[in-house]
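Please walk through this protein with the sequence and the model side by side. The text starts from a single residue and then turns to the whole chain.

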Amino acid sequence: MGVPGLTETVREQVRMGRLLPLGDPVPAGAGWIAEGAVRELLTGDAHTVPGARLLRLRFSPDTTAAPLGREERPAAGLTAGSVLLEAEVLLSGEEPLPQAAERVRTALTAGARALSLPVTAVDVRVAGLLEAEGTGEERPEEPGDGAPTVPDTPAARTPSRPGSTSGDTDARERAVVTAVTAPTGVRGTVPFPGPAGPSVRVAPTGEAGWVEVQLALARDADMGATVAEAARAGAASAGRRVRILVVRLED
């Protein structure tokens, strides 16, 4: 990989952030979502509160929960199966700050629940008043465009894997991609980072390994139900566990 390709891969990973675990109804370890995608949706939820402006969101593993082993999570996955959420906001001051902060906390909690994100605590810190900040307040980072989505068509479902010469392997991968892109709300697969990245990969290698597939979902999809359905369909096709990594949300 040349310098330009390496640079774009790094940028893509930064935009995505870490992978956060999805909870019920998604089977343990079978569904993860990129931090950048979660931040985008929860920022919109926080901004539904009148007089509130979200500055930043921070996701961290719940250290009171049992840590996940390497085989239970993807390489960029959070180290615990539950999440702590910290938010920093500016408020207008039109109502008492504790009540306004509680409205933000309620909105973020509901948004996380809608995503099937196993958040055990939401902490909201008031950084100041909107009047004092004027128009120059800091805005949370927005996730970028990321890797191109592979359209959900039979031809596009053929994953690209450099150096793969096994027809049997290609056929199995095509079957997995067809299965995981069938549920309503799935827009298509997203190649893994790198030039001509594959759509499907096994990590770690071996019969006990997970098959991983990166997906783009519709922004208004029922996250937990869609991921659970895709994971089950993929597992039935692959004959082993399939891990769904939601890295992009689309309108």
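Where is the place of Arg 73? The model is a predicted one, and in it Arg 73 sits in the loop between strand E3 (52–61) and strand E4 (83–91).

Arg 73 is buried, yet it forms no salt bridge. The nearest side chain of opposite charge belongs to Glu 72, and that side chain is 7.1 Å away. What the side chain of Arg 73 does reach is backbone oxygen. The backbone oxygen of Gly 77 is at 3.2 Å from this side chain, and the backbone oxygen of Leu 68 lies 3.5 Å from one of its polar atoms. Residues up to four places away in sequence aside, Arg 73 touches Trp 32, Leu 68, Leu 78, Thr 79 and Arg 243.

Is His 47 buried or partly exposed? His 47 counts as partly exposed because its relative accessibility is 24%, and buried means under 20%. The side chain of His 47 reaches the backbone nitrogen of Leu 54 at 3.0 Å. His 47 and Val 89 are 42 residues apart along the chain, and their C-alpha atoms are separated by 10.0 Å.

The largest nonpolar core has 50 residues, and Ile 33, Val 104, Leu 108, Met 223 and Ile 244 touch the most other members. Helix H3 (residues 97–114) gives the most to this core, with 6 residues. Apart from this core lies another one, of 10 residues, including Leu 19, Trp 32, Ala 34 and Ala 216. Trp 32, a member of that other core, is also among the residues touched by Arg 73. Ile 33 has contacts beyond its neighbours within four places in sequence, among them Leu 19, Val 38, Leu 117, Met 223 and Val 246.

The whole chain can now be summarised. The protein has 6 helices and 10 strands. Of its 251 residues, 45% are buried. Among contacts with a separation of 6 or more, 72% are between residues 24 or more positions apart. The protein exposes about 12,000 Å², of which carbon and sulfur atoms supply 53%.

Methods. Residues are numbered from 1 along each chain as its sequence is written. This is a predicted model: local features need pLDDT of at least 70, side-chain atom pairs count only at pLDDT 80 or more; totals for chains, interfaces and linings use all residues. Side-chain values use heavy atoms; hydrogens and water are left out. Helices (H or I, at least four residues) and strands (E, at least two) are DSSP runs, numbered from the N terminus. Buried means under 20% relative accessible area, exposed over 50%, partly exposed in between (1.4 Å probe, protein chains only). Contact means heavy atoms within 4.5 Å. Accessible areas come from the Shrake-Rupley method with a 1.4 Å probe; for residues, only the protein chains shown count as cover. Lys and Arg count as positive and Asp and Glu as negative; His and the chain ends are not counted. A salt bridge is a side-chain nitrogen of Lys or Arg within 4 Å of a carboxyl oxygen of Asp or Glu. A polar contact is a pair of N or O atoms within 3.5 Å; within protein, one must be able to donate a hydrogen and the other to accept it, and residues adjacent in sequence count only if both atoms are side-chain atoms. A nonpolar core is a set of buried Ala, Val, Leu, Ile, Met, Phe, Trp, Tyr and Cys residues joined through side-chain atoms within 4.5 Å.
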